[in-house]
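Welcome! Here is a short tour for someone meeting this structure for the first time. Take a look at the sequence and the 3D view, then read on.

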Amino acid sequence: MASRVYFVKKGQGVITLEVKPTTIGIASSVAKLKKSGGSVTDVGDSGNDATGKIQSVPVGKSADLLQSVLVITTIIDLTAVPKNQWNQVFEQLRVNYHLEGGIDGPQDFNVDNDDKSQILDGKMIIAVKAIKFELHAIPQ
Amino acid sequence: MQSPNKHPAILFFLLLTSGFVSFGQNLELKDLNVPNSPAFTILDFSPKVIDKPGTAKTFTASIVNLVNQGSGIPKNFAMEVAPYWLFPNKLTVYKYLGIDSTGKQRNIFSNARNFSLSVGSVYKDSVKSLPFNANYLAIGIRINPIRILRSKVPGATVTTVKAIAQELTNINDTASRHCLTKLDPTSATFTVDFTKCFEKEVTETLKKDDSLSKLEKRLENILAIKPLFQMDIAGAGSMTFKDNSIDDNHHHRSGVWMTMEFNLPLTKTIDIEKMIKNKNYLSIYGKARYIQEDSTTNYKTFTRHNLLDLGGRFEFEFDRFSISFETLHRINQTDKKLNTNRNVGIIQYKLRDDLYLIGSFGKNFGSVNNVVALFGLNWGFGKQTLIEKEKS
């Protein structure tokens, strides 16, 4: 459940994010940025798109993102799925977090087992991914 | 003498049984399915011969009386597995429901992915007409290749699914902002703390938020609207094991069959709201079945019969209560003098969502031992008896 790191440089390049859950449940994703100063800004959400996708959205300029944390939360509702499949849907859940614009260019993060949990007897799944933006330490 | 490892039915059985052991440890009684799988149907040990087409669950195990008495093949059991769901897939909620995000049925074949494999056995003690003990083991496959929804259903489904998604996004947004605002992102435990906070916020909100639960209930009711038409195709093969001995086996019965279901709601079908509230249906089923059977009275000589069953079932369903009548005409292609009929009435009452009281009365195939008189409780998701008494 540790935060992941995406390296950026001190510049004006824009970092973008795309979120793609893969599940048969009704999904919703929300991405927010917690800045080092304490403020919280909205990055994007999936609205009423039940697949939980967030299409490519700008997170901010590289230089402004240093020491900030991007938090993507996904809630999945399994009302449309028979109860005896809930655990299996939980096990099979995949979420891809795609970032672009940093030092390493496009980079994919995926939901890890300890990023997800079940609530309400398994009827709902929650997935949380936190990605920190840090300055890339360029070897001399 | 035939080695078990050379026998495909036994290999299949062992394969499924090994799956049963690994999955079965977490099974609860309420998860036990009733034996309406093809493997069980081919053995003619069910109150209904004409099953409703439907979707097999990811993994279900059925027990009429799962008693393995220490040796041989387990007696009186059935289990069914839908292999597609054992592996990761790329389905979205819309594809899973067989519709697209614009509110149209995506394709009428999408339910085919729920094809299932099943295995079952029925143990019969020696009786006067069949003077030997035998365990009948069957394997089967079932597929639901065609499912046509009522025209208003996909649109109403999409509207409700989107409303649920929007409601989730609102809850998600509020909980995320609340937790992010009060937590320090430089803390070493930020992610753990955030996750705990977020789970707590979402859980509490969901427990209080009746707008989401109303939408979920509406979706459940829409999904419960019976399809206009659907079709099942199934096949199964069975073996007789005299005295439950693996070595002493003989082909019992094999067959393929097709069931078609047409549902007519007893309300106006142009008004989706009336269809959502409606619990009353007239259902008509048609069935064609081809069976090859090796019959015997002494387990020494066998007579092969090629049987063609044609028939149907009418069912009136009034919310919790249903009454139906099924009739099948069996054409014996080997000896037309042996042509026969099965005519059975079925009454069923739903005590709870997972508990049914069922009675089945009438005449089975043949001229002897042909009285069907079943009465029992069914605890599961299907609609056949789990505990039953048979008189014949």
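In chain B, confidence is lowest in strand β13 (residues 387-390), at a mean pLDDT of 36, and highest in helix α4, at 96. Here pLDDT is the predictor's confidence in each residue, from 0 to 100, while helices (H or I, at least four residues) and strands (E, at least two) are DSSP runs, numbered from the N terminus. This is a predicted model, in which local features need pLDDT of at least 70 and side-chain atom pairs count only at pLDDT 80 or more, while totals for chains, interfaces and linings use all residues. Residues are numbered from 1 along each chain as its sequence is written, and chains are lettered from A and ligands numbered from 1 in the order in which they are written.

**How confident is the model?**

- The scores for the model are ipTM 0.95 and pTM 0.80.
- Chain B has an average pLDDT of 79, and 78% of its residues score at least 70.
- Residues 55-70 of chain B stay under 50 in pLDDT, and the model gives them 50 contacts beyond four places in sequence. Two residues are in contact if their C-beta atoms, placed from the backbone, lie within 7 Å.
- Another stretch of chain B with pLDDT below 50 covers residues 380-392, which has 46 contacts in the model beyond near neighbours in sequence.
- Where pLDDT is low, the predicted coordinates should not be read in detail.

**Where the chains meet**

- On chain B, 40 residues are in contact with 39 residues of chain A.
- Four helices of chain B, namely α3 (93-96), α4 (152-182), α5 (190-208) and α6 (210-223), each supply at least two residues of the side that touches chain A.
- Helix α4 of chain B gives the most to that side, with 14 residues.
- By class, the side of chain B that touches chain A has 21 nonpolar, 10 polar and nine charged residues. For this count, Ala, Val, Leu, Ile, Met, Phe, Trp, Tyr, Cys and Pro are nonpolar, Asp, Glu, Lys and Arg are charged, and the others, Gly among them, are polar.

**Nonpolar cores**

- A nonpolar core is a set of buried Ala, Val, Leu, Ile, Met, Phe, Trp, Tyr and Cys residues joined through C-beta atoms within 7 Å. A residue is buried if 20 or more other C-beta atoms lie within 10 Å of its own, exposed if 12 or fewer, and partly exposed in between, with C-beta atoms placed from the backbone.
- The largest core has 66 residues, and those with the most contacts inside it are A:Leu17, A:Ile26 and A:Leu70.
- Helix α4 of chain B provides the largest share of this core, 11 residues.
- Beyond neighbours within four places in sequence, A:Leu70 is in contact with several residues, among them A:Leu17, A:Val43 and A:Phe133.
- There is also a second, separate core of 24 residues, including B:Ile42 and B:Leu137.

**Strands and sheets**

- Chain B has seven helices and 13 strands.
- Strands β6 (residues 249-265) and β7 (residues 280-295) of chain B pair in the antiparallel sense over 13 bridges; two strands pair if DSSP finds at least two bridges between them. One of the bridge partners in β7 of chain B is B:Ile291, for B:Gly255.
- On chain B, β7 and β8 (residues 303-318) pair in the antiparallel sense over 16 bridges, and B:Asn280 stands opposite B:Phe318 in β8.
- Chain A holds an open sheet of four strands in the order β5-β2-β7-β8, with antiparallel pairing. Its edge strands are β5 (54-61) and β8 (105-110), each pairing on one side only.
- In chain A, β2 (residues 14-22) and β5 pair over five antiparallel bridges, and A:Pro58 in β5 is the bridge partner of A:Thr16.

**Two residues to look up**

- B:Arg147 lies in strand β4 (residues 134-148) of chain B. Is B:Arg147 buried or exposed? B:Arg147 counts as buried because it has 24 C-beta neighbours inside 10 Å.
- Leaving aside neighbours within four places in sequence, B:Arg147 is in contact with B:Gly98, B:Ile108, B:Asn111, B:Pro227 and B:Gln230.
- B:Asn306 is found in strand β8 of chain B and counts as partly exposed, because it has 13 C-beta neighbours inside 10 Å.
- Not counting residues up to four places away in sequence, B:Asn306 touches B:Gln292, B:Gln333 and B:Thr334.
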